[in-house]
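Subject: Handover of a structure and the findings from it

Dear colleague,

Please find below the structure that I am handing over to you. I would ask you to keep it open while you read the notes that follow.

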Amino acid sequence: MEAHRTPEHRKAAPVTHPARSEINRRTLLVAMSGLLSGAAFARGEGDAPQPAASEAYTPAGFKHALPPEALEEPLATLEQPGALDLDTPEGLRLARMKTMFSLNADYAYSAYMTRHFVMPPDATPYPLVNELELNVSFLTTGGPEFREEYEQGKLMLHGSYTRVFLDAATLQTVDAIDVPAMNRQLTLAPTQFALSIPMDLAPIPHDPTLSEDLRWYRFGEDVHLTNIALFEPSESRPPRMDTSVWRVNHAELMDPAHRRLHAHYSFTASSYAALYAWTGLGVHDPTRVVTSKAGIKVHTIDALPALVRERILEKHPERVPRK
C-alpha cells in the first residue's frame, strides 16, 4: 500500500501547543456534522427549494476535492504536555482532537456504516437504506491559500468525505430504492465533497439555535467522549437532536507517547423527515427519521474494513490523498 502513504516531502510542521491553538466549539461542530456525523445531506434554512434527485445528497458550500495547496502544506503535530485533565476545557478539546484525528503528522481514516429508519405516524418503523462512509482527514498549519484571511501557522483541518448507498438487506451498492410508505422511489447519488477549515478562529457570538454539550466518562478501560447537539426549530427547520460518542482506551489517551489512537464511533439522531431533502416532505409532516451510525478511526488503509475497501476505495480511489 505504498501509494497511500504520506509523501516524504510533507514533513511535520512545528509543534502547535493547544494554548496557542484554541479549538472553536462551532468549528468542531461543523466538522463533525459534515465529516463525522453524516449530516452532509441535512437541509438548512436557506434550502427551501427541493433539489433534483441526483443532487439531493450534494451539500452546498463544499468543494468536490481538496485544494492542491492543502496537499503540499506540512502536516501539523500537536503537543500533549502530559496526562490530559478532562475536567478542563483545554484538556477536553485536546482529547477530542487526539481521538478524532491524530497528534502525529499523519492521516486519519474514519469509516462508518449508517442505517436510516423511517417512522411514519401510527405505523411500524422500517429500515430505509444503509450508507457506507469514508472520511480521510489531516491537519496542517495553514498555507499560502489562507494567507489573506488567516495568520500563518494556524491549525487547519482538511477532510475528504465519500458516501455510497447500500441495500439495507443485501449491502450491495444501490442507486435507487422504493419507499412504499412515501409512495415514491428515491434516487441515490454517491456523495463526494471536501473541506478545509481553520480550527482556531476567534470565538463567535452565541448562537441561540444551537446547544452543544461535550462530556466524558470512564467505562472500564475506556473513555467515552460524548457530544449532544440540540438544534432549535424554526418555521423552515424542524427540530433535531443528535448524539456522538467517541470511545478510546483511557491509558493510551493519557499517555503523551501514544500519539495515534484506534477509536470507535457511534452516532444516533432523531429528526423530522423534512430535515432530509430527499424525502420531499414538508416541515409540518410528522414523519420521522431515526439514524444509527457505528464506525472506527484508524491510521492505515489496511486497517479499514474490507467492505469499505471494496465499495469505496476500489470504485473511488481518487478520494484518498496519495503521492
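I begin with a salt bridge, in which the side chains of aspartate 222 and arginine 247 meet with an N to O distance of 3.0 Å. This pair links distant parts of the chain, for aspartate 222 is in strand S10 (residues 222-231) and arginine 247 is in strand S11, 25 residues apart. Aspartate 222 has a relative accessibility of 18%, and because buried means under 20%, this residue counts as buried. Arginine 247, at 29% relative accessibility, counts as partly exposed. Please note that the model is a predicted one.

**Salt bridges**

Side chains of opposite charge can pair when their charged atoms come close. How many salt bridges does the structure hold? There are five salt bridges in the structure, and two further ones deserve a description here.

One of them is formed by arginine 260 and aspartate 106, whose closest N and O atoms are 2.6 Å apart. Distant parts of the chain are linked by this pair: arginine 260 is in the loop between helix H3 (250-254) and S12, while aspartate 106 is in the loop between helix H2 (89-100) and strand S3 (108-119), 154 residues apart. Arginine 260 is partly exposed, with a relative accessible area of 37%. Aspartate 106, by contrast, is buried, with a relative accessible area of 12%.

Another salt bridge joins the side chains of lysine 293 and glutamate 133, at 2.6 Å from N to O. Because lysine 293 lies in strand S13 (residues 288-298) and glutamate 133 in strand S4, the pair ties together parts that are 160 residues apart in sequence. Are these two residues, lysine 293 and glutamate 133, buried or exposed? Both lysine 293 and glutamate 133 are buried.

**The chain as a whole**

The protein chain has four helices and 13 strands. It has 323 residues, and 51% of them count as buried. The accessible surface of the protein chain comes to about 14,700 Å², and carbon and sulfur atoms account for 54% of this surface. Among contacts between residues at least 6 apart in sequence, 71% join residues at least 24 apart.

**Aromatic rings**

A pair of aromatic rings is described by the distance of the centres and the angle of the planes. A search of the whole structure finds five aromatic pairs. For tryptophan 246 and tyrosine 265, the ring centres are 4.5 Å apart and the planes stand at 45°, so the pair is tilted. This pair also links distant parts of the chain, with tryptophan 246 in strand S11 (residues 240-249) and tyrosine 265 in strand S12 (residues 263-272), 19 residues apart. Both tryptophan 246 and tyrosine 265 are buried.

Which residues do ring pairs link into a cluster? The cluster consists of Tyr107, Tyr109 and Phe138. A ring can also lie under a charge: the charged end of arginine 288 sits over the ring of tyrosine 272, 4.1 Å from the centre of that ring.

Ile228, Leu230 and Met241 make a nonpolar surface patch of about 210 Å². One of these residues, methionine 241, is found in strand S11. Methionine 241 is partly exposed, and its relative accessible area is 33%.

**Two single residues**

Most residues other than glycine have a negative phi. Leucine 171 is not a glycine, yet it has a positive phi of about 65°. You will find leucine 171 in the loop between strand S5 (156-166) and strand S6 (176-179). With a relative accessible area of 27%, leucine 171 is partly exposed.

Proline 127 lies in strand S4 (residues 126-140). At 40% relative accessibility, proline 127 counts as partly exposed. What is proline 127 in contact with, leaving aside its neighbours within four places in sequence? The residues concerned are Arg115, His116, Phe117 and Ala168. The C-alpha atoms of proline 127 and aspartate 167 are separated by 9.8 Å, and these two residues are 40 residues apart along the chain.

With kind regards

Terms used: Residues are numbered from 1 along each chain as its sequence is written. This is a predicted model: local features need pLDDT of at least 70, side-chain atom pairs count only at pLDDT 80 or more; totals for chains, interfaces and linings use all residues. Side-chain values use heavy atoms; hydrogens and water are left out. Helices (H or I, at least four residues) and strands (E, at least two) are DSSP runs, numbered from the N terminus. Buried means under 20% relative accessible area, exposed over 50%, partly exposed in between (1.4 Å probe, protein chains only). Contact means heavy atoms within 4.5 Å. Accessible areas come from the Shrake-Rupley method with a 1.4 Å probe; for residues, only the protein chains shown count as cover. Rings of Phe, Tyr and Trp (its six-membered ring) pair if their centres lie within 6.5 Å; planes under 30 degrees apart count as stacked, over 60 as edge-to-face and the rest as tilted. A charge sits over a ring if NZ of Lys or CZ of Arg is within 6 Å of the ring centre and within 35 degrees of the ring normal. Patches are made of residues with over 30% relative accessible area and no salt bridge: like charges are joined within 9 Å, nonpolar side chains (Val, Leu, Ile, Met, Phe, Trp, Tyr) within 5 Å. A salt bridge is a side-chain nitrogen of Lys or Arg within 4 Å of a carboxyl oxygen of Asp or Glu.
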